[in-house]
Protein chains: 2
Amino acid sequence: MPSASKPNFESTGLALATSLFTVSAVWFLGKIRRDSKHHGPPRHQHSSENYTDRTKGVVGNRGNRALAPPIPYLEGFLKCLGDQCDLVTNPEGHVALCIAENKLALNLLQERFTQGGTAAAAFADESVYCYNSFLGMPVAREAAAYFFARRFLFPERQELPADEALLHIRPSHVALGAGCAALLNNLFYLLGEPGECCLIPIPYYAAFENDMNLVAGIVPFGIHQVNPTLGPSVAELNLAYMQAKAKGLTPKFLLLTNPNNPLGVIYRPEVLLANVQWARKRGLHTISDEIYALSTHQKPGQHGFQSIIKVLDNDLGNDVHMLWAVSKDFGGSGLRVGFVYSQNEIFMEGLATLSIFTAVSGPIQYLVAELLTDDEFSDSFLDESRDRIHQSYLICTNKLQEMVVPFIPAEAGLFVYVDLSSLLPEKTFACEERLSKLMLDHARIVLTPGESQRDTNPGMFRICYTWVSPEVLELAMERMSKLVGKLRRMDWDDLDSRQLKGIL
Amino acid sequence: MPSASKPNFESTGLALATSLFTVSAVWFLGKIRRDSKHHGPPRHQHSSENYTDRTKGVVGNRGNRALAPPIPYLEGFLKCLGDQCDLVTNPEGHVALCIAENKLALNLLQERFTQGGTAAAAFADESVYCYNSFLGMPVAREAAAYFFARRFLFPERQELPADEALLHIRPSHVALGAGCAALLNNLFYLLGEPGECCLIPIPYYAAFENDMNLVAGIVPFGIHQVNPTLGPSVAELNLAYMQAKAKGLTPKFLLLTNPNNPLGVIYRPEVLLANVQWARKRGLHTISDEIYALSTHQKPGQHGFQSIIKVLDNDLGNDVHMLWAVSKDFGGSGLRVGFVYSQNEIFMEGLATLSIFTAVSGPIQYLVAELLTDDEFSDSFLDESRDRIHQSYLICTNKLQEMVVPFIPAEAGLFVYVDLSSLLPEKTFACEERLSKLMLDHARIVLTPGESQRDTNPGMFRICYTWVSPEVLELAMERMSKLVGKLRRMDWDDLDSRQLKGIL
């Protein structure tokens, strides 16, 4: 490229990546289908009813379905990105607290990958340029098997010889994919039939619906719980099962996220066991999404997290499948590397074919393998990351306590689930949406509304506190506090925007 | 990982990557459905008729369908990998000539990526770790747009300012995906309806069937041609269209591979134009797969290749879509980076949602962007690669001429299509399969049989000559020559394997 006219690719890279282009990430993160409010069957596969003049004849029915409808907080997030808060240059700018991405320890990962000849070594190996199994290169599958054995199956052991580890977790039972979304899609596609349904405890990560439905046609069906922090009881599972059946749906999957998003809680081992036993009796597959497994607030041994691998004593059978990724615990969502651990060998055989569409780049596999087998680095990284997460959590929750806003005490994850329902004049999602708008307009902050997570109680919000620096977080919480204080003294029927000034 | 017991991940990486694990690549590369011989509709979506005791209840119908049946040359390829020929250590080992992968210039790419701080720079940029558009980072989409403008739209110009390039090829019309297979799957999924069909000139790359059918449910339908090297005539297109209709199928796509795989020919611009015009009149999308565009035997200006972008004067409309990747022309199939160029903005909008499953890792996007904008390197790389490809082609075809084996003179690609039908006692695919077996058993070489490429004439084989060194290629061709010589003098009804000794 002639250098005189070469555009500044580097600077546009960073600027645009955090503006226009994160949009579709958000689009996905908060994907909502207005036509399938709560847990009814969403858009039918292959229906053509929603064609518009704009799309007719330009794409197919499935292309039409893939056109994401606006999400409640998309407008706000766009504003955030176009006018991001910076303590020095733009202290009155917008703050996004709606993206579950951990940027707090990014510098440590950067250092690890850029040190010495680390990155170059990944590109020196001839095999990374060539066709490999689409399930992943041996080096990466072995590394992940070792990592899972050490962290999830034998977390109590100080030392675990690799040879021993691979006897327990067989690399052939581990596969890589371009992120957990891709692996979820592949699991649902290969194990389920279109129109079957997946039970998920409410509230849940909104994009699960996309992952199971967009291609695989699996219908999300929420499990209502008296106390969602405990995980579903057998009675609640039975009820959801019967409700789904009554709607003509066939439950085929139970999807658990542990630690839970958005609640930030850790399910107790006995709950997990009861859930799997229940699912097995009914012939359901259990998918245990453990993408936040190592983002606990307490150190290993001090928190109650147990992987499904441990809970089942590594006897997953054909019907339990564990997911993990480097996206959250190592803050590398942009690396697009997820893992599935499944002992269902027929499934793995099908996955080898399907993964042609979702394979991970060779050099990235090589580097991730290095990361997962470098115990010294990953131990210290995870310790430091945990500390930083917890510090930001405290900034957030200390302020919430000061504001007397109830929240669910989090044990893990990158978020806290708060109850702002007392602010709503009426317990409706219209009021929840209005509160979102007030937050955006007057405090310039964006949260993830409960409605987008299929909560049935209006006024719940998820606050993601690791996407911004602790300083920006502090400022955002201060703004929230001021707004909440003012709103408590005002009648929403008579809101005077002049009285809402002065928050920034 | 405790170093005392750390398994040698590096060495297993290379060894296994080229053994067990390339298998599923091959699996895919030569994927064949015996239940859909030639161009009849392949396996129906969602049918459960093929369940076996082994798979029933373990995976779903789609999982069952994804279990690839053996391919004719899988056994042979496995033998190749388990006992690879090496001139020094294993001169009687097996030689795989069935994989369209260019390893001849791998060292140049390795050098480029490992030089200075190139690789480290890709991991130093914070944005590569974070969520980005699943269509690709701006830096990568801009780089590809520039590359397409310079190489495909204005190949005759010595200099093309980047700013000007991006006025012609808009980065928003370019998307990345984890290889062309992923992008094909996404194109077929978003633009077509299940059960619609795609017309493809025969013979064709076997895995296209997987790409269009496995998930998207599009039915491949072959176009018969009097002279396949010319590309389909309007009369042949019309005939295929009517044949498909007569079988109750609705043609929705025309898929052209230019330069063509397996023929190695370049379609003339007027043929491409006539094909697109025909498809437009019928309401079909045209997909132009140009993955071998720069692997021509002659230099630019001396060969007749014109991209569809140039042929249509960059007016692709909503119905023409161009694919390219770094897999073949830069020998980086393991990097899993493909590109689609489409001016259909509604399609791109749907693709942004669907690409959550098929996104490319951030650092790889960054490096590929560097590759595509480094004109000096890519000019010299492509020149050198072209020379090496051509040299290997000559080794292969000189021997074929000496053997008096007819072949289609190739102008591009990594293969030559040869006619061994004169060796067959009967013109049947059973005899073709038998010849494959003789090649494997007595010459220890594996070719891609025509049947796996839906050829209707038994006895055609594709020889891929860039997967091994020129020296190993020479040895393999020598073996083939000896075997062919012997077979010509023998009666297949009375084959004496002792007479076939001494070839190695």
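A: A residue is taken as buried if 20 or more other C-beta atoms, placed from the backbone, lie within 10 Å of its own, as exposed if 12 or fewer do, and as partly exposed in between. The model is predicted, so local features need pLDDT of at least 70 and side-chain atom pairs pLDDT 80 or more, while totals for chains, interfaces and linings use all residues. Residues are numbered from 1 along each chain as its sequence is written, with chains lettered from A and ligands numbered from 1 in the order of writing.

N314(A) is not a glycine, yet its phi is positive, near 65°. This asparagine sits in the loop that runs between helix 13 (308-311) and strand 7 (320-325) of chain A, where helices (H or I, at least four residues) and strands (E, at least two) are DSSP runs numbered from the N terminus. N314(A) counts as partly exposed, because 19 C-beta neighbours are found inside 10 Å.

R444(B) is likewise a residue other than glycine with a positive phi, in this case about 55°. Its place is the loop between helix 17 (429-443) and strand 11 (445-446) of chain B. Whereas N314(A) counts as partly exposed, R444(B) counts as buried because it has 22 C-beta neighbours inside 10 Å.

Two further loops of chain B carry a cis peptide bond. One such bond joins I202(B) to P203(B), with omega at about -5°, and P203(B) belongs to the loop between strand 3 (196-201) and helix 10 (208-213) of chain B. The other joins N258(B) to P259(B), where omega is again about -5°; P259(B) lies in the loop that leads from strand 5 (250-257) to helix 12 of chain B.

Of the contacts in chain A (C-beta atoms within 7 Å) that link residues at least 6 apart in sequence, 75% link residues at least 24 apart.

Chain A is divided into domain 1 (9-32 + 69-100 + 380-500) and domain 2 (128-373), with bounds that come from an automatic or database domain assignment. The C-alpha centres of domain 1 and domain 2 of chain A are 28 Å apart, and 28 residues of domain 1 touch 28 residues of domain 2. Helix 2 (22-29), helix 16 (375-402) and strand 10 (415-419) of chain A are the elements that give two or more residues to the domain 1 side of this contact, and helix 16 gives the most, with five residues.

Finally, the two chains meet each other: 104 residues of chain B are in contact with 103 residues of chain A, and helix 14 (residues 345-354) of chain B gives the most to its side, with seven residues.
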